There are 2 protein chains.
Amino acid sequence: MSSKARGAASSRSQDPIRKPLDADAVATAAFELFSRQGYNATSLDQVASALGISKAAIYYHHAGKEAILRHGLDAAMAALESMLQEAVFQSTANPPLDRFAYLVRRGSQIGLAHKATVEVLLRLKGNSEIERSLLKRRRAFDAAAAAILREAVTTGDLQAGSNPTVLASLSIGVINTLVEWYRPDRAIPAGELAEVVVRFVMSGLPRTGTERI
Amino acid sequence: MSSKARGAASSRSQDPIRKPLDADAVATAAFELFSRQGYNATSLDQVASALGISKAAIYYHHAGKEAILRHGLDAAMAALESMLQEAVFQSTANPPLDRFAYLVRRGSQIGLAHKATVEVLLRLKGNSEIERSLLKRRRAFDAAAAAILREAVTTGDLQAGSNPTVLASLSIGVINTLVEWYRPDRAIPAGELAEVVVRFVMSGLPRTGTERI
DNA sequence: AATCTGACTTACCAATCGGTAAGGGGTACG
DNA sequence: CGTACCCCTTACCGATTGGTAAGTCAGATT
């Protein structure tokens, strides 16, 4: 019983078999917890035990906790940004409100598809350099959305005197809030929900006796 | 120079003068930081130094970190709940959509007036018993709002087939998102903003060529 | 003058956290 | 058969955190 017997990998050999993890799998599990408990309230030990590995094993796949954060949020922001490019560079013959509706629809779909990551993205507070750089990208996204609405005011599609920045923030806010309460086991499927969101942003509550387009 | 000389209150006597703090003042300062950095990312040492006191002094006013959380969130939830009572018990002769509009307007005003507390309230994740009890109250609030919309479907004020739960979540979501980006130094004053929110919820983006009521 | 109380202070603690060091089992390849 | 590499382990560390113990000083009360 000398201290030499520092048995390693003992629990792994007890496992039936398990595929080696990769950086993506670790990040996915981490974001599952980040989104449920919050980033700061989630320890790497929790992430490790959710994966059935030791905390140190996480450091084989990622440089640290913040690296995991960046890994996941980079992917989510990239998806949103490429979608924004599509919306912005759609035929300018396309009315700005149509492009905005496209942005809202695709934004909802992406938000729901990347629920865990987007939820964490929305809760960033800028407590580190990484968080601040992500926040900067988020603000650029919001500004681009506002620009489309500003154009809609110029073309007269939106009422003169409207504040495009505020309206863009409210519209995007609807998407954001979506990510926070939607659970896939809900009565309404994600595909339909995106349409409900688009109609809500364009027309508000579906009242009777008001014109619909 | 015996160890007896454990000078106390030394920094206070250096201060010009300072009124004694009370539990509310400590909680207000704490929520200022909670809302900017997040609850978990804010240490009591930060709260203390923002107040110019020692961390231990916080424990004279509050039983602990979670007690501060409860102190502030209890007040915010109470304000929202009493507003909800007003909206619900308004003359039933009042159309449900009018009552809902009232709820959205007052909800926006309260959210903006209690910005720091409400922002923390919205970020709760249920990581402790206190958080879970607050979340329960929040869900009751959402359910009551949904009930008003359900009534509006019954009376035919909302289109048949509408999902009142989803629509209530989207509407309240607009208020929630408001709290996250609004800064009082913005171009638009808080009073106007509440009206913009009401119009947005009732009619969506202010398009030209659509009927307004 | 003596005492009490409100409002703090410094000094400390145990627990937890993110992160590191060092090593070991399994498989592929020479 | 050796050895190299991948993927992971146990054991540990320093820093930070929420929380506590005990002392203190100014001002009100007696």
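How much area is buried between domain 1 of chain A and domain 2 of chain A, and what percentage of it do carbon and sulfur atoms give? In this predicted model, the area buried between the two domains is about 730 Å², and carbon and sulfur atoms give 72% of it.

**View 1. The two domains of chain A.** Chain A is divided into domain 1, which covers 3-58, and domain 2, which covers 69-204. The centres of these domains, taken over C-alpha atoms, are separated by 33 Å, and their contact takes 9 residues from domain 1 and 10 residues from domain 2.

**View 2. The domain 1 side of the contact in chain A.** A:Phe31, A:Ser35 and A:Tyr39 lose the most area to domain 2 of chain A, together accounting for 68% of what the domain 1 side buries. Between the domains there are 0 salt bridges and 1 residue pair in polar contact, while the residues on the domain 1 side divide into 5 nonpolar, 2 polar and 2 charged.

**View 3. The interface of chain B and chain A.** Here 50 residues of chain B are in contact with 50 residues of chain A, and the two chains bury about 4200 Å² between them, with 61% of it on carbon and sulfur atoms. On the chain B side, B:Lys125, B:Leu205 and B:Arg207 lose the most area to chain A, together 17% of what that side buries.

**View 4. Polar and charged pairs between the chains.** The interface of chain B and chain A holds 2 salt bridges, and the side chains of B:Lys125 and A:Glu119 meet in a salt bridge at 2.4 Å, N to O. There are 21 residue pairs in polar contact between the chains, and α9(B) supplies the largest share of the chain B side, 12 residues.

Methods. Residues numbered from 1 in each chain as written. Chains lettered and ligands numbered in written order. Predicted model: local features only at pLDDT ≥ 70, side-chain atom pairs only at ≥ 80, totals over all residues. Heavy atoms only, no water. Domains from an automatic or database assignment. Contact = heavy atoms within 4.5 Å. Buried area = accessible area lost by both parts, 1.4 Å probe. Salt bridge = Lys/Arg side-chain N within 4 Å of Asp/Glu carboxyl O. Polar contact = N/O pair within 3.5 Å; in protein donor to acceptor, adjacent residues only side chain to side chain. Nonpolar A, V, L, I, M, F, W, Y, C, P; charged D, E, K, R; others polar. Helix = DSSP H or I, 4+ residues; strand = E, 2+ residues; numbered from the N terminus.
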